Structures are given as C-alpha cells and as structure tokens.
Amino acid sequence: MTFLPGRHRDPVLFHRHDRNPVLSADRWPYQANTVFNAGATLLQDGTTLLLCRVEDFRGLSHLTAARSRDGLTAWKIDAEPTLVPHPDHPEESWGIEDPRITYLPEEDAYAVLYTAYSPEGPGVALAMTSDFVTFDRRGLIFPPEDKDAAIFPVRFEEGWAALHRPVTSNTANIHLSFSENLRHFGNSRAVLTARRGPWWDARKVGLSAPPIRTPEGWLLIYHGVKTTGSGVLYRNGLALLDLHHPDRCLLRSDPWVFGPRDLSERVGDVDNVVFPCGTTLLPDGDTLRMYYGQADTSIGVATASLRALLDWLKENGSVPTLD
Ligand code: BMA
C-alpha cells in the first residue's frame with residue numbers, strides 16, 4: 001500500500017475548497033435546520049445544479065435545487081422547496097433524502113433516485129425530470145430497507161442497471177439490479193460487501209455518488225461506516241466496476257480516500273460524517289468536483305483529478321472478494 005508523502009489523515013487525492021461550506025442553512029431563502037447530502041449534475045448550459053437535502057424544524061427532509069454558474073459561488077436557490085413529500089405517496093410520509101442524479105441521454109431526462117422514508121423504513125424512489133421544476137414520480141423501485149441508489153446512464157446487455165444498498169442480515173452491501181423498463185428491477189446481486197472487524201468499511205457500505213464512466217471502467221466513490229466507542233464514522237473509498245458488466249468489481253481500495261477532517265465535518269448534527277451524493281466532471285474531462293454533506297449540517301466541495309484517482313486505485317487497489 002503506497003501513500004503520498006506528508007502528514008495527512010488520508011491520501012491527498014481530494015482537495016477541499018478553501019471556502020467550505022459552499023451551502024448552509026444560514027444562507028437559505030427560507031427557514032431550515034440543515035442543508036446537506038446533495039445530488040449534483042452539470043446542466044447542458046454548464047450550470048451546476050445541486051439538489052440539496054434540507055431538513056426542516058420537524059426533522060423531516062425535502063429537496064431544494066441550487067444553481068451556480070461556476071459550481072462554487074453565487075448560488076441561486078429555489079425560493080421554496082423543490083420536491084416535497086407527496087400525499088399520494090405514503091412511502092415518503094417521513095420525508096425524502098439523499099438524491100442521486102443521472103442524466104439518461106436515451107430518455108433526454110434526468111433520473112433522480114432518492115430515499116423515500118416512511119414508517120415502513122427507508123426505500124428507494126425514482127422521479128424523472130427534464131428541468132428540476134416538474135418531476136414525474138415513478139414511486140418506489142426498491143422497497144424498504146434500501147437506500148444509496150443511483151442508475152447508470154446507459155443500458156447494458158441486461159438492460160438498465162442501478163446500484164443500491166439493501167439491508168441484509170446484520171450487514172448492508174452494495175447490490176446491482178437490472179431493469180427493462182426503469183420500473184421493475186431484478187436479477188440482483190452483491191457487487192461490493194462490507195468488510196469485517198476493525199476495517200473502516202466494516203459496519204456497512206453504500207454508494208456515495210453515481211458511477212463515473214472512464215475508459216477503464218465505472219469509478220465508484222462509496223462510503224464505509226465504522227462503529228466506534230463514540231458513534232459512527234462515515235468515510236469514502238474507491239472501486240472500479242467492469243465497463244460492460246457492472247456487476248463485476250475489478251478493484252477496491254483498501255484505505256479510505258476521504259474522511260472527516262475539518263471542524264465542519266467533525267462537528268454538526270451528526271458528528272464525523274462526510275457524505276457525497278454527487279460529482280460533476282468539468283469540460284477538461286479530468287477535474288472532478290465532489291459535493292458532500294458535512295456532519296449532516298452543511299455542504300462542502302472537494303476537487304480531484306479523475307486520472308489521479310484511477311492511477312492511485314490501480315496502484316493501491318486489490319481485486320475484491322465477496323465474503
Ligand atoms: C446515513 C444516511 C445519510 C446520513 C448518514 C449519517 O444512514 O441517512 O443521510 O448522512 O446516515 O447520519
């Protein structure tokens with residue numbers, strides 16, 4: 001295992017923006033407790049759109065869009081919540097959380113997968129949109145208990161594919177399921193499992209941002225959870241899935257690459273959490289911006305070179321086993 005030189009808490013692959021947080025409740029156009037875990041996409045005109053999870057003063061979450069020309073400053077935030085739990089959808093009666101956005105060229109629309117929370121538990125719902133103003137809700141695609149889901153932007157031999165995270169006996173692993181119609185998903189299989197014992201990703205794993213297509217495979221940024229004497233720690237690692245058979249995990253990093261470091265990541269409504277839900281790739285094809293929830297309280301951004309992430313993973317990753 002090779003680390004970059006220097007006294008750092010994690011390999012220096014992601015560089016935090018020096019004005020984090022980029023978005024927080026105190027700069028919100030309406031009353032909000034916290035603003036965190038945002039899905040991200042670059043719109044066709046180059047605008048960065050974040051779909052932010054906003055927690056109100058009841059403890060329930062909804063989603064609100066924020067747009068910025070440069071993805072860092074001068075955010076234009078919708079004056080009112082953009083996507084709120086709908087009375088016709090009892091699966092969201094306790095709120096909607098943690099969106100992941102994928103543009104589907106074949107549909108010329110964005111697929112937003114989000115956690116729909118209700119007394120039944122958290123499940124995964126799909127809404128399609130072309131403008132982030134009106135949404136076509138398709139309802140639950142993965143029933144409780146399941147979350148951390150994103151769809152791939154292209155169809156494979158076996159159809160559309162989505163990564164998701166069902167909770168199974170005492171653990172929670174990343175699965176991949178296929179669908180012919182974006183409505184019924186099946187043929188599910190585990191692609192990346194939680195490790196054991198003292199590992200940083202032993203308690204559970206889940207997808208962070210939607211998979212990023214590279215010539216070498218689909219790059220995953222995934223989160224791992226470790227339970228300690230003072231609670232849980234959320235960190236992120238890298239994995240690579242086969243380009244044509246995304247159920248095959250080719251490489252997985254042993255160390256995490258991005259964990260809580262700054263005060264705003266260490267202390268908040270939930271301490272010691274960095275939770276990315278989206279990235280944007282800048283027009284140079286290499287600069288990746290990762291938007292992440294800081295301690296379930298605010299939104300930060302960190303930048304990485306896609307080439308450097310792949311090179312590091314090839315040098316430091318190993319072929320995973322599913323045990
Ligand atoms: C996970 C999700 C995230 C949250 C994290 C830490 O289970 O619910 O939304 O950021 O816990 O609280």
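Close-up 1. Strands are DSSP runs of E with at least two residues, helices are runs of H or I with at least four, and both are numbered from the N terminus; two strands pair if DSSP finds at least two bridges between them. Leucine 50 lies opposite alanine 66 in β5. The open sheet has four strands in the order β3-β4-β5-β6, with antiparallel pairing. At its edges, β3 (34-42) and β6 (76-77) each have a single partner strand, so one side of each is left without a neighbour in the sheet. Residues are numbered from 1 along each chain as its sequence is written, and side-chain values use heavy atoms, with hydrogens and water left out. Because the model is predicted, local features need pLDDT of at least 70 and side-chain atom pairs count only at pLDDT 80 or more, while totals for chains, interfaces and linings use all residues.

Close-up 2. Six of the six residues of β14 (residues 174-179) are buried, so the strand is largely enclosed by the rest of the structure. Buried means under 20% relative accessible area, exposed over 50%, and partly exposed in between (1.4 Å probe, protein chains only). Ile174, Leu176 and Phe178 point one way, and His175, Ser177 and Ser179 the other. In a regular strand the side chains alternate between the two faces of the sheet. Strand β12 (residues 160-168) runs antiparallel to β14 and is joined to it by five bridges, with alanine 162 opposite serine 177. Strand β15 (residues 185-192) also pairs with β14 in the antiparallel sense, over five bridges; here serine 179 faces phenylalanine 185. β14 and β15 form a hairpin with five residues between them, and leucine 182 in the turn has a positive phi of about 65 degrees.

**Close-up 3. Cysteine 277.** Cysteine 277 is buried, with a relative accessible area of 0%. Its sulfur is 10 Å from the closest cysteine sulfur, in cysteine 52, too far for a bond. A search of the whole structure finds zero disulfides (pairs of cysteine sulfur atoms within 2.5 Å).

**Close-up 4. Tryptophan 312.** Tryptophan 312 belongs to helix α2 (residues 306-316) and is buried, at a relative accessible area of 5%. Its C-alpha atom is separated by 9.5 Å from that of leucine 238, 74 residues apart along the chain.
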